[in-house]
Amino acid sequence: MSQTRIRQTRAELYEKVSATPMRTLAQEFGMSDVGLAKVCRKHDIPVPPVGYWRRKETGYKVTRPQLPAAKDGREHLHIYIRERLRPEFEELARQVAPKIAIAPDISHPLVLRSEKPLDRGKLNQRGLVISKNGALPHLLVSREQLPRALKVLNALLLALEERNQPTSWPKQENSLLAVSINDEAVRFSLSELTDSAPHVLTPLEAKHPWSAPKYDYKPTGRLQLQIANVPSFMGPIRRTWADGKQQRIEDCIGDFMVGLTVAAAAIKKNRQETEERHRRREEERKREEEERRIAEEQKRKAELVAELIGNWEEAVRLRKFMKAIEEETVRSDFSQEARNDIQQVVEWVRQYADTLDPLSSLPEAIEEFVRPDSKYWWLE
């Protein structure tokens, strides 16, 4: 089970214990008041005596015990809090596990299909049976444990189907068995645990040690059921059930089925949360894209207006220049030839000013402002 670690100094915890009743403070740490008291005793932190808070509430003068020096000299401590199941998963985990009987013969089609390639299978380096095409991902045990494992798997699959939780085994390579619970596929496997020990080189291997195995493996006879696709970060959801000193995997089938239900709920919750995160990211992306589009459009319009203002100001300046030329021509005693030349300049300036001036053809000038695509209509 995963844990959360909280780092405190002795002085910090002492102040909290002295200011808040143990039961209330323990809830803030997510633990019991007994557990918090144990932490305080371990680190030589005194706690208020019995009746302390009652006397304080009724107005009696109380004296809190002093914080002594730490016996081990360490002033920092860690409080470890076991992570709890989410409430919706915890409720499912409290279901009463059904009692599952082991039939003497196997009958489920997927178990019969699993048995066939293993009948004449070979052993891998761990001493577990694999078919000629490789290991079956959902069933990996020794030859000695194969009959037992097949019966366990048979009982599990039959019990699941009785509860309208059908199992499937896709034909794709390395596919795991999966059970459908509330429309969620939960993948699982049955395997045998192995022990390992450093390999002792033989005299022949000593000549070429690089080609020798590092470890020797030995099947233990202990079977384990395991859920393969429980999502991370969904809390301490149980994934494995195994033979122990007292229990046998045959007695854990019902508990494993409850665990499959919890795993299905976690898979569904994780999928929904993932979809929600994707939806929010997509909305954020669209919002940022719209803001960027609006900013670019504002920039385009500002640049266009600035260009129109510049052209208008230039047209006004040209007309002033043209008027000044005309006035100077009237005042001065120019020859007719010079006047003709000056008039050519005046006409050109007038035409150029009219070309620049957006007010000369205002509808056309603002067309690009309102409908920017009209400027490049031939690209549509």
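At what angle do helix 9 and helix 11 pack, and how far apart are their axes? I will start there. This is a predicted model, and the values I quote are computed from it.

Two packed helices are described by the angle between their axes and the distance between the axes. Here, helix 9 covers residues 253-331 and helix 11 covers residues 362-370. The angle is about 160 degrees, and the axes lie 9 Å apart. Angles over 145 degrees count as roughly antiparallel, so helix 9 and helix 11 are roughly antiparallel to each other. The crossing of helix 9 past helix 11 is right-handed.

Which residues meet there? From helix 9 we have R300, K301, L304, V305 and L308. On the helix 11 side, the partners are A365, E368 and F369. Sorted by class, this contact has 5 nonpolar and 3 charged residues, and no polar ones.

Next, a residue elsewhere on the slide. T329 also belongs to helix 9. Is T329 buried or exposed? T329 has a relative accessible area of 11%, and the cut-off for buried is under 20%, so T329 is buried. Leaving aside residues up to four places away in sequence, T329 touches F334, R339 and I342.

Last, the cysteines. C40 has 0% relative accessibility and therefore counts as buried. C252, with a relative accessible area of 3%, is buried as well. How many disulfides does a search of the whole structure find? The search finds 0.

Conventions: Residues are numbered from 1 along each chain as its sequence is written. This is a predicted model: local features need pLDDT of at least 70, side-chain atom pairs count only at pLDDT 80 or more; totals for chains, interfaces and linings use all residues. Side-chain values use heavy atoms; hydrogens and water are left out. A disulfide is a pair of cysteine sulfur atoms within 2.5 Å. Buried means under 20% relative accessible area, exposed over 50%, partly exposed in between (1.4 Å probe, protein chains only). Axes are lines fitted to C-alpha atoms, for helices over the stretch in contact, and angles run from 0 to 180 degrees between N-to-C directions. Helices (H or I, at least four residues) and strands (E, at least two) are DSSP runs, numbered from the N terminus. Angles under 35 degrees count as roughly parallel, over 145 as roughly antiparallel, 65 to 115 as roughly perpendicular and the rest as oblique. A crossing is left-handed if the near helix is turned anticlockwise from the far one by less than a right angle, and right-handed if clockwise. Contact means heavy atoms within 4.5 Å. Ala, Val, Leu, Ile, Met, Phe, Trp, Tyr, Cys and Pro count as nonpolar, Asp, Glu, Lys and Arg as charged, and the others, Gly among them, as polar.
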